[in-house]
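Try each task before you read its solution.

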Amino acid sequence: MSESTTAKTYRAVHRQAPMTPRKARYVVDLIRGKPVNEALDILRFCPRRAAPMLSKVLMSALASAQLDAECNHGRLHVVDARADDG
């Protein structure tokens with residue numbers, strides 16, 4: 001018996017951040033693939049300037065996920081995180 005689970009994604013974007021993508025990518029690489037709670041802990045103690053901005057973006061995506069009643073909040077992971085040129 002196979003059970004198909006649909007993977008929902010929750011997205012948040014920060015545009016026109018006052019820093020270069022190269023500096024932000026260092027912090028983005030730290031949280032990519034981690035569970036949300038672990039990623040928030042990493043961002044809380046990261047000394048880089050991009051950490052508070054990325055923390056707000058992650059909290060925004062988490063707030064979007066909490067609006068969905070079917071979402072299991074303990075299983076949320078950071079699947080994709082990017083810092084692209086603007």
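Predicted model: local features only at pLDDT ≥ 70, side-chain atom pairs only at ≥ 80, totals over all residues.

Residues are numbered from 1 along each chain as its sequence is written, and side-chain values use heavy atoms, with hydrogens and water left out.

**Exercise 1. The overall fold**

Task: Work out how many helices and strands the protein has, and how its elements run from the N terminus on.

Solution: Begin with the DSSP runs, numbered from the N terminus, where a helix (H or I) needs at least four residues and a strand (E) at least two. These give 3 helices and 0 strands, and the order is α-α-α. Next, take the box along the principal axes: the C-alpha atoms fill roughly 50 × 25 × 25 Å. Then look at contacts (heavy atoms within 4.5 Å). Of those with a separation of 6 or more, 65% are between residues 24 or more positions apart. Finally, sort residues by relative accessible area: buried is under 20%, exposed over 50%, and partly exposed in between, with a 1.4 Å probe and protein chains only. Buried residues make up 30% of the 86 residues.

**Exercise 2. Helix 3**

Task: Check the span of helix 3 against its number of residues, then find which of its residues are buried.

Solution: The expected span of a helix is 1.5 Å times one less than its number of residues. Helix 3 covers residues 50-66, which is 17 residues, so it should span 24 Å; its end C-alpha atoms are 24 Å apart, in agreement. Now list the buried residues of helix 3: Ala50, Ala51, Met53, Leu54, Val57, Leu58, Ala61, Leu62 and Ala65. Their cover includes helix 1 (21-31) and helix 2 (36-45).

**Exercise 3. The two sides of helix 2**

Task: Decide which residues of helix 2 are buried, and which exposed residues sit on the face turned away from them.

Solution: Val36, Ala39, Leu40 and Leu43 are the buried residues of helix 2. Looking down the helix axis, these fall within an arc of 100°, so they line one face of helix 2; the arc is that of the directions from the helix axis to the C-beta atoms. As a reminder, an α-helix has 3.6 residues a turn, so residues three or four places apart point the same way. The buried residues of helix 2 pack against helix 1 and helix 3. On the face turned away from the buried side, helix 2 carries the exposed residues Asn37, Arg44 and Phe45.

**Exercise 4. Salt bridges**

Task: Count the salt bridges, and describe the one between Asp68 and Lys8.

Solution: Apply the rule that a side-chain nitrogen of Lys or Arg lies within 4 Å of a carboxyl oxygen of Asp or Glu. The count comes to 5 salt bridges. Asp68 and Lys8 meet at 3.0 Å, N to O. This pair links distant parts of the chain, 60 residues apart: Asp68 is in the segment after helix 3, and Lys8 is in the segment before helix 1. Asp68 is buried at 17% relative accessibility, whereas Lys8 is partly exposed at 44%. Lys8, Asp68 and Glu70 are linked in a network of salt bridges.

Then turn to Asp41 and Arg44, whose side chains form a salt bridge at 2.8 Å, N to O. Both lie in helix 2, 3 residues apart, about one turn of the helix. Asp41 is partly exposed at 38%, and Arg44 is exposed at 55%.

**Exercise 5. The largest pocket**

Task: Find which element gives the largest share of the lining of the largest pocket.

Solution: On a 1 Å grid over the protein atoms alone, a pocket is an open set of points where a 1.4 Å probe fits, with protein on both sides within 12 Å along at least five of seven lines; lining residues have an atom within 4 Å of a point. Grid points are joined across faces, edges and corners, and the volume is the space filled by probe spheres set on the points. The largest pocket has a volume of about 1,700 Å³. Its lining has 44 residues, and the closest to its centre are Tyr10, Arg11, Ala12, Asp80 and Ala81. Helix 1 and helix 3 are the elements that give two or more residues to this lining. The largest share, 8 residues, comes from helix 3.
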